[in-house]
Amino acid sequence: MVYPGKVVRGYHCPPVQQPYWNTIYLDNFPDEELLNMIDQAYGTVFNSFSKKVQRQILEEA
């Protein structure tokens, strides 16, 4: 683990969702890494949409 104690399994989620969610403690956590994690999560969700929905999102942006 790259950030032990800073990025942990999502304690706030039901057990079935915990592998998919993280809790991030932001004290002394690099901003750049947080932004990278957000971008990666957005990309994962965006790519799960149909091509039609992806086009609609891009048109609204």
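## Surface and model basis

The protein chain has an accessible surface of about 5,300 Å², and 57% of that belongs to carbon and sulfur atoms. Accessible areas come from the Shrake-Rupley method with a 1.4 Å probe; for residues, only the protein chains shown count as cover.

This is a predicted model, in which local features need pLDDT of at least 70, side-chain atom pairs count only at pLDDT 80 or more, and totals for chains, interfaces and linings use all residues. Residues are numbered from 1 along each chain as its sequence is written, and side-chain values use heavy atoms, with hydrogens and water left out.

## Overall form

Two helices and two strands make up the secondary structure of the protein chain. Their order from the N terminus is β-β-α-α. Helices (H or I, at least four residues) and strands (E, at least two) are DSSP runs, numbered from the N terminus.

The C-alpha trace spans about 40 × 30 × 15 Å along its principal axes. The radius of gyration of the protein chain is 15 Å, whereas a compact globule of 61 residues would have a value near 10 Å. This radius is taken over C-alpha atoms, and the globule rule is 2.2 Å times the number of residues to the power 0.38.

Of the 61 residues, 13% count as buried. Buried means under 20% relative accessible area, exposed over 50%, and partly exposed in between (1.4 Å probe, protein chains only). Among contacts (heavy atoms within 4.5 Å) with a separation of 6 or more, 9% link residues 24 or more positions apart.

## The helix pair

Helix α1 (residues 31-48) packs on helix α2 (residues 51-60) at an angle of about 125°, with the axes 8 Å apart. That makes α1 oblique to α2. Angles under 35 degrees count as roughly parallel, over 145 as roughly antiparallel, 65 to 115 as roughly perpendicular and the rest as oblique. Axes are lines fitted to C-alpha atoms, for helices over the stretch in contact, and angles run from 0 to 180 degrees between N-to-C directions.

Tyr42, Phe46 and Asn47 in α1 meet Gln54, Ile57 and Leu58 in α2. The residues of this contact divide into four nonpolar, two polar and no charged. Nonpolar covers Ala, Val, Leu, Ile, Met, Phe, Trp, Tyr, Cys and Pro; charged covers Asp, Glu, Lys and Arg; the others, Gly among them, are polar.

## Two residues

Glutamine 54 lies in helix α2. Glutamine 54 counts as buried because its relative accessibility is 9%. Leaving aside residues up to four places away in sequence, glutamine 54 touches Phe46, Asn47 and Phe49.

Asparagine 28 sits in the loop between β2 (22-24) and α1. Asparagine 28 counts as exposed, at 77% relative accessibility. Its phi is near 60°, a positive value in a residue other than glycine.
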